[in-house]
Amino acid sequence: MSKSMKKAIVDHVAKSLSDQNSAVVVGLMGLKVADAESLRVRLRGEKMRLLFLKNTLGSVAFENVGLKGLGNILSGQSGVVFGGDGAQ
């Protein structure tokens with residue numbers, strides 16, 4: 001993945017999180033694609049989003065929005081759920 005693509009992903013995640021009052025980091029190990037899509041659909045119905053994260057990019061994005069150290073809990077397949085009226 002190119003540096004410009006990585007930067008775009010980090011910027012997108014950071015912007016998405018900066019508009020939120022809360023977010024939850026979730027482990028997604030073993031989640032099948034169909035189950036992940038079903039979860040995303042249910043979350044959208046509640047005005048929430050699920051972003052799958054590459055751990056290193058997630059760590060940088062968390063740091064960029066003032067959540068330094070949160071990246072330390074990312075392990076394996078991870079994601080972040082956020083939402084409410086500010087979900088994009």
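**Sheet, core and charged pairs in a predicted model**

Val25 touches Phe62, Leu70, Ile73, Leu74, Gly79 and Val80, leaving aside residues up to four places away in sequence. The model described here is predicted. Val25 belongs to strand S1. Its relative accessible area is 25%, so Val25 is partly exposed.

Phe62 was examined next. With residues up to four places away in sequence again left out, Phe62 touches Leu17, Val25, Leu53, Leu67, Lys68, Leu70, Gly71 and Leu74. Phe62 is also a member of the largest nonpolar core. This core holds 12 residues in all. They are Val10, Val13, Ala14, Leu17, Leu51, Leu53, Leu57, Ala61, Phe62, Leu74, Val80 and Phe82. Two or more core residues come from each of helix H1 (3-18), strand S2 (48-53), helix H3 (55-64) and strand S3 (78-83). H1 gives the most, with four residues.

The strands form an open sheet. Three strands take part, in the order S1-S3-S2, and their pairing is antiparallel. Strand S1 (23-27) and S2 are the edge strands, each pairing on one side only. From one strand to the next, the twist averages 25 degrees. In general, strands of a sheet pair through backbone hydrogen bonds, and the pairing is either parallel or antiparallel. Here, S2 and S3 pair in the antiparallel sense over six bridges. Within this part of the sheet, Arg49 stands opposite Phe82 in S3. Helix H1 packs on the sheet and touches S1, S2 and S3. The direction of H1 makes about 150 degrees with that of S2.

Helix H1 also holds Ser16. The relative accessibility of Ser16 is 1%, which means that this residue counts as buried; the cut-off for buried is under 20%. A polar atom of the Ser16 side chain lies 2.9 Å from the backbone oxygen of His12.

Charged pairs were considered last. Side chains of opposite charge can pair when their charged atoms come close. A search of the whole structure finds two salt bridges. One joins Asp11 and Lys7, with the closest N and O atoms 2.7 Å apart. Asp11 and Lys7 are separated by about one helical turn, because they are four residues apart in helix H1. Asp11 has a relative accessible area of 37% and is therefore partly exposed. Lys7, at 53% relative accessibility, counts as exposed. The cut-off for exposed is over 50%.

The other salt bridge brings together the side chains of Glu37 and Arg44, at 3.8 Å from N to O. Glu37 has 38% relative accessibility, so this residue counts as partly exposed. Arg44 is partly exposed too, with a relative accessible area of 47%.

How values were computed. Residues numbered from 1 in each chain as written. Predicted model: local features only at pLDDT ≥ 70, side-chain atom pairs only at ≥ 80, totals over all residues. Heavy atoms only, no water. Core = buried A, V, L, I, M, F, W, Y, C linked by side-chain atoms within 4.5 Å. Buried < 20%, exposed > 50% of the residue type's maximum accessible area, 1.4 Å probe, protein only. Contact = heavy atoms within 4.5 Å. Pairing = 2+ DSSP bridges. Axes fitted to C-alpha atoms, helices over the stretch in contact; angles between N-to-C directions. Polar contact = N/O pair within 3.5 Å; in protein donor to acceptor, adjacent residues only side chain to side chain. Salt bridge = Lys/Arg side-chain N within 4 Å of Asp/Glu carboxyl O.
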